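Biologist: Could you take a close look at a single part of this model and describe how its elements are arranged?

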Amino acid sequence: MGKEAPQQPAAAAAVSDPSGPAQPRNIRRRATERTPRLTARFTLYVSLAFLGIAALAVVLAGSWAVSRARAEAVRQARLVAHVIVAPALRSKTAEGAARQATSATFDRTVRRSALSDGALRLKVHSAEGRIWYSTRRAEVGGPSERPDAVRQAMRRGSTTRIATIAVGDNTQKAIEAYVRTRTAGGVPVVVELYKDFAPAVRAERRKLAAFAAMFGLVLVALYVATLPILVRAGRRMREQVQAIQRHAYYDPLTGLPNRALFRDRVAAVMAEPAARFAVAIVDLARFREVNDTLGHRAGDRLLNGIARTLRMEMPARDTVARLGEDEFGVLAHGVAGTDGAARLAARLREIVAEPQRVGDLDLEMQCSIGIALYPDHARDPETLVRCADIAVQASTSAGDLVVYHDTLDDYSPARLTLAAELRRAIAEDALTVLYQPQADIESGRIRSCEALVRWEHPELGLLTPDKFIPLAERTGIIRELTTYVIRRSLAQCREWQERGVDLGVAVNISGLDVLDIEFPDRVRALLDEAGIEPARLELEITENTVLDDPARARAVLDRLTEFGVRVAIDDFGSGNSSLGYLKRLPVEILKIDKSFVLGMNSDPDNGVIVRSTIDLGHNLGLRVVAEGVEDEAAWNTLAQLGCDIAQGYLLGKPSPPEVIERLVRERTATA
């Protein structure tokens, strides 16, 4: 069908794309290297995670080991308090319990059973903060060194402190664990156990190290188990990325680069020093007819055949891309100037015209070609491709190669500026209207004249209609311009009438005017404004202006002729008019294109065309005007053929109103 939706791998594989120099390799490299980078990143992140965990473990190990050592000291102190101290103190009174704590029996029991597993000292405090017992006998009976810790243990059940104590001639750190308990007689006391700090913390650190090692082994095992999965997933991801990249940069039907990659390659070639190249866009003619007649599969095969031929026939360094349904782009190196563009277009036409086998048929395609040149027309890839797009649109209308020029681009800054200046010139009455006389061939008298507008641009000089009329038509200013010329022409016609010069005036109107249902009302208002009878105004249309919407054009022309305006077909023979339409239109005058009149005495074919057109016009009841009458021989030939009116340089060039008035008076005097 020629669309890009259905992907056909076999067809795509048939067209390779060997044009490598302009290929954006960084795109392909990113796609193919993404998976190794992903694996490396995963390994790096896991390693960083291990290092982070290790660093965090080192930072936290000390405080965690101290915390665990203090908890272990409390556990040991609670065991000593409940199992050793409390059962040994049986008195039900505080005084009795205090006496028992000072006994030799109690001291032996404590030293034998409690001072083990890193325990350095032991004290028993009363609830009031007096020392009932201490392994350092000198402290017995005195006040507690840390009464706040004793009160806290009484209130909370336990507490710990880190302290430095004297052991012989040395000092060492110890954990002081305070635990509340009740003696066998029910008296509340606090047991204080001093536990050696260093061994306790080392023991906890060993436990932490064992746990960390086990945890690390689990992480390593998890990493080793995950890595193959990651590699497989990465390989699949690479394949998917490559598929996505190919879909993003290549046409799935033909396998050629698409518009995005074509633009990248144009940009890459622009970066080369002293680059000169052309961007050509090839638009296939009547491709839709192939789809409609033979089916979409046939259209696909035709596109693949043309794509394959283009790729094989163009130089390997050039790029051939598919830009749209029936549109191809070509980046051709070393093309410069109009001559180079013409040679490239001729070659592309030959390639496209090669017969393509589709089923049982050999199809030969024609095409339109638009070309933009670098660096002549643009200095960036987007603008250059856009210029080629504009040129191929013009080529489709013209039926021939079109090399881009700025007059085609209605939206270039220069064209937009010119359009604004034209609108301002209309508003400020800064345009000039000249008149070319039309004379009756039989009598020689000037009966009418054609109004021709000129623009004296302050910077560009005198601009003829072909320089700004197309711009006015494409930007919508043509309606204002038509109104301006009709108003000026009718005012001049009124002035001539007041000066005794009997002249009608002919004004060219555009296709937009012919299809504007409000146009007849504007013309009627302009006639009333000037006080001119409608029969003095002739509106000239070209053959092609009625083809877009014949019914609407006829309705507009009927309204114009109803109140007396005359309608003429201008440049007859140069367009594509249908005699059926011509017969139904309310036309009074037929103007033969000057290209036939200029050569009618030297070219027999032109002579036949002029004679036939005059006969056709008369048979349809029309008056016939011959344009391009430049010598007496042409005048005499037209008179013999029965032509009604002549217009051309023999009578006069487009001139100011006073010159036309003088010519009319001279011819009237000599008639």
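**A sheet and its surroundings**

Modeller: Ile-371 stands opposite Val-403 in S12. The model is predicted, with local features requiring pLDDT of at least 70 and side-chain atom pairs pLDDT 80 or more, while totals for chains, interfaces and linings use all residues. Residues are numbered from 1 along each chain as its sequence is written, and side-chain values use heavy atoms, leaving out hydrogens and water.

Strand S11 (residues 367–374) pairs with S12 in the parallel sense over two bridges. Strands (E, at least two residues) and helices (H or I, at least four) are DSSP runs, numbered from the N terminus; pairing requires at least two DSSP bridges between two strands. S11 and S12 belong to an open, mixed sheet of five strands, ordered S7-S8-S6-S11-S12. S7 (319–324) and S12 (402–403) are its edges; each has a single partner strand, so one side of each lacks a neighbour in the sheet. Helix H7 (residues 259–270) packs on this sheet and touches S6 (277–284), S7, S8 (327–333) and S11, a contact meaning heavy atoms within 4.5 Å. The direction of H7 makes about 15° with that of S8; axes are lines fitted to C-alpha atoms, for helices over the stretch in contact, and angles between N-to-C directions run from 0 to 180 degrees.

Between S6 (277–284) and S7 (319–324) in residue numbering lie H8 (residues 287–294) and H9 (residues 296–313), whose axes come within 6 Å and cross at roughly 140°. Phe-287, Val-290, Asn-291 and Leu-294 of H8 meet residues of H9 including His-296 and Leu-302.
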